[in-house]
Amino acid sequence: MKLASLKAGRDGELIVVSRDLTRAVKVSTIACTLQQVLDHWTRYEPPLKRVYDALNAGSVAGEFSFNPQDCAAPLPRAYQWADGSAYVNHVELVRKARKADMPESFWHDPLIYQGGSDSFIGACDDIPLASEEWGIDFEAELAVITDDVPMGSTPAQAADKIRLIMLVNDVSLRGLIPAELAKGFGFFQSKPSSSFSPIAVTPDELGTAWEEGRVNLPLLVHYNHQPFGKANAAQDMVFNFPQLIAHVTKTRPLSAGAIIGSGTVSNKQNTEFGSAIQDGGVGYSCIVELRTIETLNQGAPITPFMKFGDRVKIEMLDHAGQSIFGAIDQQVVQYHNPT
């Protein structure tokens, strides 16, 4: 099943989207918002699934052409947004860029930070930021949305609580991160509002690509209309989503609608000869990894961080070449404080 939220009020208006992403239908007679569905999944999932099946069969009244630009994030705001670093290769490279050692424990104990969840950005909306000097970077990731998850859940128990999957652009301000982390209190200013794919899908939509709590497909990144990354989202994912959820719930429960991110998708590559797509590699899911490789090979980074007007597109295709989640397709713009 594929679900999205039209821009309407603070929490959007729930719609069901066809598998090929061409058509949609409003379902206010069943539920008004995605959060309402997640709060009572066993009640609302069956009738929504019937609508989805009928929509794909072409037999639904009131259907309309689907336009991702009309969508907010699937959850325009959420009770919880916790982002992991399941791809330890990414953590290792980023720490190298900061000249910081990586503890061996990172390979066994997941990293998680708690992000702001009250103002997500729609997949096709601009990313407004006040300064290019902050070191603007994108981070292409996946995330899951959970049902209620009890405290102390095991990975096996957590796996049964994953309701939806979506893509993420976890915007990072690299120039602000080092000083902020040096305070010993974690990210805040360096992690502005994140963006999510227009559509969230149930795990069954991925078929065999949903494999042991991972998505076994390439995550495609285009930067200023050029191929930038195609790392496989299952490869080198040290901690799968059930493990990340179990880690989060060690000392607290999760409420329905909690979003748990994978961290930047990153595959181990040849750092000596370059890993860019044009060099035969799978590229990168963020700019800082490329800058780290450039520093290791040439002594200094060459590729600048994002400027106003730069665009990033993040998408995942199924084995038939069909977009699964729709695309995150955004540009960075200068923010002007309203007066």
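Mentor: Start with Lys313, which is partly exposed at 31% relative accessibility. Buried means under 20% relative accessible area, exposed over 50%, and partly exposed in between (1.4 Å probe, protein chains only). This is a predicted model: local features need pLDDT of at least 70, side-chain atom pairs count only at pLDDT 80 or more, and totals for chains, interfaces and linings use all residues. Residues are numbered from 1 along each chain as its sequence is written, and side-chain values use heavy atoms, without hydrogens and water.

Trainee: Which residue forms a salt bridge with Lys313?

Mentor: A salt bridge puts a side-chain nitrogen of Lys or Arg within 4 Å of a carboxyl oxygen of Asp or Glu. Here the partner is Glu315, with the closest N and O atoms 3.8 Å apart. Glu315 counts as buried, at 16% relative accessibility.

Trainee: How many salt bridges does the structure hold?

Mentor: The structure holds 13. One of them pairs Lys26 with Glu13, at 3.8 Å from N to O. Lys26 sits in strand β3 (residues 23-26) and Glu13 in strand β2 (residues 13-17). Strands (E, at least two residues) and helices (H or I, at least four) are DSSP runs, numbered from the N terminus. Lys26 is partly exposed at 45%, and Glu13 is partly exposed at 22%.

Trainee: Are Asp137 and Arg174 buried or exposed?

Mentor: Both are buried. Asp137 and Arg174 form a salt bridge, their closest N and O atoms 2.9 Å apart. Asp137 lies in strand β8 and Arg174 in the loop between β11 and α5, so the pair ties together parts 37 residues apart in sequence.
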